[in-house]
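Hi there,

Here is the model I promised to pass on. Have a look, and my notes follow below.

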Amino acid sequence: MNRSDGGSAPAVDPLGEAVIDRDGMRGLVGVLRARGLTVIGPTLREEALVLAELESADQLPYGWGVELDAGKYRLCRRTDGAAFANSAGPQSWKTFLHPARVRQWRAERTEDGLTVEADSAAAPRFAFLGVRPCDLRAIAVQDRVLGTGPHPDPVYRSRRSGAFIVSVECTEPGGTCFCVSMGAGPAAGPGYDLVLTELADPGDHRFWMRAGTPEGAEVLAELPTREVDETTRAAARRAVGAAADRMGRAMPGTDLRRLMADTLEAPRWDDVAARCLSCGNCTMVCPTCFCTTTEDVTDLTGDHAERWRLWDSCFDLDFSLLSGGPVRSSPQSRYRQWLTHKLGTWYDQFGSSGCVGCGRCLVWCPVGIDITEEAAALHDWTLRAETESP
Ligand code: SF4
Ligand code: SF4
């Protein structure tokens, strides 16, 4: 398997492998916390699977799944006790690596004059438990945008640099998933410290775990484990391979970058604009969208001021505001900007697609606009245009 492309077959890493059970999962959270890491993972909260700090592996959503469709997210009970057989939730890891609100500085007026203090609170060192292959790819995309290059973001870098990643291969894709057609799953690509594949067989709930880094191997060595048998390896490979065949959605099999460049005047943009509310939900939930704005606030006395950095969205009218007004004043132009950047010009800027096929933008769009359906409609339009051209 080409691990850099994601894929359907789990890889065996040379740095160590073992099988753990639910006690081993408790041990994993305990070992990571004992190393001073803040462990973040999926847990059940307010009718959704949300990412939050785990004090124990018992907080994982054992026995819960999700039903996903465009504009729809529902929890459901599973017939087995699997913890990770559920696809992307409302948040992604960018919530922790690239927070929605960051105070940059604050200023106080005192009798001695004005003091300005940069906000330099140290970030916790995170361990992310349950990073899907699509989200692992999304972190790699954000690494290129915010972590490297001529202007790296210090907040992102400080949060990302020490992060320990436990990836979980996907065995239960949702109805809105299409990582296969984006080359981002369901097997994990590079970038993890540990990766696991869950097998929730009756009487033998186990996780096939492999280390991808020396630190991952150290953690694995501290856990109660048993040796890997060929039956477990084969079952895990089958489960991940079957997930690849059960994706709920797919992108059209064409050069998406080219498609975006060739369809700038397509009538489909008017069609989608008639449905789009310009709410920006799709950009907030997208694990790769990274745009921010700044906001200055003062208190009523005028003695205290702060500057905050906030997530922003290209669907916001102010996002493209220049001296003469917004450059993209119509919903049509804003949706086109989002899609053509995500699937097209992202390649020119960062060398990859900006979409990893997680499906969040479909699920959390209040009117169920489906990025795969829009891309397919644009593709159909180019095919019709080719057929009809003299
Ligand atoms: S564009 Fe949609 S499917 Fe693609 S990565 Fe963003 S949220 Fe996920
Ligand atoms: S596509 Fe959907 S989620 Fe995105 S801005 Fe439009 S209505 Fe909101």
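Which ligand sits in the second largest cavity? That is ligand 2. On a 1 Å grid over the protein atoms alone, a cavity is a set of points where a 1.4 Å probe fits but cannot get out, and a molecule sits in one if more than half of its atoms lie within 2 Å of its grid points.

Some housekeeping: this is a predicted model, with local features needing pLDDT of at least 70 and side-chain atom pairs counting only at pLDDT 80 or more, while totals for chains, interfaces and linings use all residues. Residues are numbered from 1 along each chain, chains are lettered from A and ligands numbered from 1 as written, and side-chain values use heavy atoms, without hydrogens or water.

Around ligand 2 there are 13 residues (a heavy atom within 4 Å), of which C276, L277, C279, C282 and C365 come nearest. This shell divides into 10 nonpolar, 3 polar and no charged residues (Ala, Val, Leu, Ile, Met, Phe, Trp, Tyr, Cys and Pro count as nonpolar, Asp, Glu, Lys and Arg as charged, the others, Gly among them, as polar).

Ligand 1 also has 13 residues around it, with C286, C355, C358, G359 and C361 nearest. Helix 10 and helix 11 (360–363) are the elements that give two or more residues to that shell (helices are DSSP runs of H or I, at least four residues, numbered from the N terminus). By class, the shell around ligand 1 has 9 nonpolar, 2 polar and 2 charged residues.

Best wishes

How values were computed. On a 1 Å grid over the protein atoms alone, a cavity is a set of points where a 1.4 Å probe fits but cannot get out, and a pocket is an open set with protein on both sides within 12 Å along at least five of seven lines; lining residues have an atom within 4 Å of a point.
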